[in-house]
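Please look over the sequence and the structure before reading on.

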Amino acid sequence: MTFEDFYGENYSKMKQAEQCLLDLANAFPGQKKLEGIEPIIYCTSRIKSPDSMIRKLETRELPVNCRTALTEIYDAVGIRVICSFVDDVYDVYDWLCAQDLFRIIQKKDYISHPKPNGYRSLHLILQFTKCATEGMYAEIQLRTIAIDFWAALEHQLKYKHTIKHEAAIKSELKRCADEIASVDMSMQSLRDIIREEGFMGSAPGKYN
């Protein structure tokens, strides 16, 4: 089944919503920082495939049709924003909250409150309020590049059909996630020190 077969005339609207979010992320005004590190490293996006959407509807025991998919499932359209530092994640979040193209209807902060497996990310569900995309739901995931590396590998391992020593592997993945989170915090601290030194070095009356 193609995207057009399942989503019908809504598919073009979904593509517009996807591109709108990508353009918005690329327009984030904090892209150039004093230390030369961009807060957003890259973005990815997708529209949930018909097969994936059908499975999700069936799992939730919902009617399998486009209308239900777009009104009861909120991540048919999704983008992932990969940031350099944890502070950047929250800076982008604050900026998104100030936009008037949509309203944020749900926030799940897995950075402050990690999932049991160690996953850390900030998930937002939004609803567009203007123009051709009005009424459309979408999901934005914000995470650091360090946890994105972990999540990509964890996702592949999780969907293996048969895994020996599953409990041990899950425990090790959790340990790795915690170590990566610790590295994230250390890198954030290093950037804060560099920023402070840069500010002090440019203070009026400072001799070189």
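In which helix does Asp87 lie? Asp87 lies in helix α5.

## Basis of the model

The model is predicted, so local features need pLDDT of at least 70 and side-chain atom pairs count only at pLDDT 80 or more, while totals for chains, interfaces and linings use all residues. Residues are numbered from 1 along each chain as its sequence is written, and side-chain values use heavy atoms, with hydrogens and water left out.

## Overall layout

The protein chain has 7 helices and 5 strands. Helices (H or I, at least four residues) and strands (E, at least two) are DSSP runs, numbered from the N terminus. Read from the N terminus, the order of elements is α-α-β-α-α-β-α-β-β-β-α-α.

Of the 208 residues in the protein chain, 39% are buried. Buried stands for under 20% relative accessible area, exposed for over 50%, and partly exposed for the range in between (1.4 Å probe, protein chains only). The areas themselves are computed by the Shrake-Rupley method with a 1.4 Å probe, and for residues only the protein chains shown count as cover.

## Charged patches on the surface

Asp87 belongs to a negative surface patch, together with Asp91, Asp94, Asp192, Glu196 and Glu197. Helices α5 and α7 each contribute at least two residues to this negative patch. Asp87 counts as partly exposed because its relative accessibility is 34%. A patch takes residues with over 30% relative accessible area and no salt bridge; like charges are joined within 9 Å, and nonpolar side chains (Val, Leu, Ile, Met, Phe, Trp, Tyr) within 5 Å.

A patch of positive charge is also present on the surface, made up of Arg60, Lys108, Lys115 and Lys158. Lys108 sits in strand β3 (residues 102-109) and, with 38% relative accessibility, is partly exposed. In this scheme Lys and Arg are positive and Asp and Glu negative, while His and the chain ends are not counted. Each charge is placed at NZ of Lys, CZ of Arg, CG of Asp or CD of Glu.

## Salt bridges

Side chains of opposite charge can pair when their charged atoms come close. Here a salt bridge requires a side-chain nitrogen of Lys or Arg within 4 Å of a carboxyl oxygen of Asp or Glu. The whole structure contains 11 salt bridges. In one of them Arg191 pairs with Asp88, with 3.2 Å between the closest N and O atoms. This pair links distant parts of the chain, since Arg191 is in helix α7 (residues 166-201) and Asp88 in helix α5, 103 residues apart. Arg191 is buried at 3% relative accessible area, and Asp88 is buried at 0% relative accessibility.

Asp178 takes part in a salt bridge with Arg120 (3.3 Å, N to O). Arg120 is in the loop between β3 and β4 (122-128) and Asp178 is in helix α7, so this pair ties together parts that are 58 residues apart in sequence. Arg120 is buried at 18% relative accessibility, whereas Asp178 is partly exposed at 30% relative accessible area. Asp178 also forms a salt bridge with Lys174, where the closest N and O atoms are 2.7 Å apart. Lys174 and Asp178 are both in helix α7, 4 residues apart, or about one turn of the helix. Lys174 is partly exposed, with 29% relative accessibility.

## Cysteines

A disulfide is a covalent bond between the sulfur atoms of two cysteines. With the cut-off for a pair of cysteine sulfur atoms set at within 2.5 Å, the structure holds 0 disulfides. Cys43 is in no disulfide, and the nearest cysteine sulfur, that of Cys83, is 7.9 Å away. Cys97 is partly exposed at 40% relative accessibility.

Trp95 is in helix α5 (residues 86-97) and is buried, with 18% relative accessible area. Trp95 and Phe28 are 67 residues apart in sequence, and their C-alpha atoms are 7.7 Å apart in space.

Most residues other than glycine have a negative phi. Glu61 is not a glycine, yet its phi is positive, at about 55 degrees. Glu61 is in the loop between α3 (50-59) and α4 (66-72), and it is exposed at 73% relative accessibility.
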